[in-house]
Amino acid sequence: GVTSLTRIPPSVLRLHNKRDDAWAAFNGKVYNITPYLDFHPGGEELMRVAGRDGTKLFSLTHAWVNVDFMLDACLVGFLVAEPSS
Ligand code: HEM
């Protein structure tokens, strides 16, 4: 459930930028895109957003695709601001 989801700052998101460990954020939600990479019709293009916030690029390429629905099972947590020190 939502309550068990993790709060993920950009510095943590950035660590997951490998083909076999890829996360990306869309509209404030962080997804593990690793399992979807093999099914993405645009193939490895999806790796462009690995480890970062892909919201802008996604809205430029195919805003009509429902990420929330398609990647629901891959939801990792919520993107939050970097904690200030
Ligand atoms: C198609 C790139 C993210 C789902 C495509 C195509 C490209 C592309 C180039 C066209 C492939 C072709 O027709 O030969 C990207 C880039 C992404 C991205 C650069 C980074 C933001 C995503 C995400 C999803 C997704 C997050 C869904 C979870 C799809 C689907 C299609 C597609 C369903 C085929 C349907 C359509 O083109 O309307 N993508 N993609 N993509 N992508 Fe992505």
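Is Asp20 buried or exposed, and what is its relative accessible area? Asp20 is exposed, with a relative accessible area of 66%, where exposed means over 50%, buried under 20% and partly exposed in between (1.4 Å probe, protein chains only). The legends below concern a predicted model, in which local features need pLDDT of at least 70 and side-chain atom pairs count only at pLDDT 80 or more, while totals for chains, interfaces and linings use all residues. Residues are numbered from 1 along each chain as its sequence is written, and side-chain values use heavy atoms, with hydrogens and water left out.

**View 1. The whole protein chain, with four helices and six strands.** Helices (H or I, at least four residues) and strands (E, at least two) are DSSP runs numbered from the N terminus, and along the sequence they follow the pattern β-α-β-β-β-α-β-α-α-β. The radius of gyration of the protein chain is 12 Å, close to the 12 Å that the globule rule gives for 85 residues, so the chain is as compact as a globular protein of that length; the radius is taken over C-alpha atoms, and the rule is 2.2 Å times the number of residues to the power 0.38. The C-alpha trace spans about 40 × 25 × 25 Å along its principal axes, and buried residues make up 33% of the 85 residues. With contact meaning heavy atoms within 4.5 Å, 68% of the contacts between residues at least 6 apart in sequence join residues at least 24 apart. The accessible surface comes to about 5,600 Å², of which 58% belongs to carbon and sulfur atoms; such areas come from the Shrake-Rupley method with a 1.4 Å probe, and for residues only the protein chains shown count as cover.

**View 2. The largest nonpolar core, with 14 residues.** A nonpolar core is a set of buried Ala, Val, Leu, Ile, Met, Phe, Trp, Tyr and Cys residues joined through side-chain atoms within 4.5 Å. The residues with the most contacts inside the largest core are Phe26, Tyr31, Ile33, Leu46, Val67 and Leu71. Strand 3 (21–26) and helix 2 (34–37) are the elements that give two or more residues to this core, and strand 3 gives the most, with three residues. Not counting residues up to four places away in sequence, Val67 touches Phe26, Tyr31, Phe58 and Asp72.

**View 3. A second, separate core of six residues, which includes Ile8, Leu13, Val30 and Val76.** Val30 has its place in strand 4 and counts as buried at 0% relative accessibility. Leaving aside neighbours within four places in sequence, Val30 is in contact with Ile8, Leu13, Trp23, Ala24, Ala25, Cys74, Leu75, Val76, Gly77, Phe78 and Leu79. Val30 and Thr6, which are 24 residues apart in sequence, lie 9.2 Å apart in space, C-alpha to C-alpha.

**View 4. Leu79 in strand 6 (residues 75–79).** Leu79 counts as partly exposed, at 24% relative accessibility. The contacts of Leu79, apart from neighbours within four places in sequence, are Ile8, Pro9, Pro10, Leu13, Ala25, Gly28, Val30 and Asp53.

**View 5. The loop residues His16 and His40.** His16 lies in the loop between helix 1 (10–13) and strand 2 (17–18), and counts as buried at 15% relative accessibility. Not counting residues up to four places away in sequence, His16 touches Asp21, Ala22, Trp23, Ala50 and Gly51. His40 is located in the loop between helix 2 and strand 5 (52–53) and is buried, with a relative accessible area of 15%.

**View 6. The loop residues Asp20 and Asn27.** Asp20 lies in the loop between strand 2 and strand 3, and its C-alpha atom is 6.1 Å from that of Thr34, a residue 14 places away in sequence. Asn27 is found in the loop between strand 3 and strand 4 (29–32) and is exposed, with a relative accessible area of 63%. Asn27 has a positive phi of about 50° although it is not a glycine. Most residues other than glycine have a negative phi.
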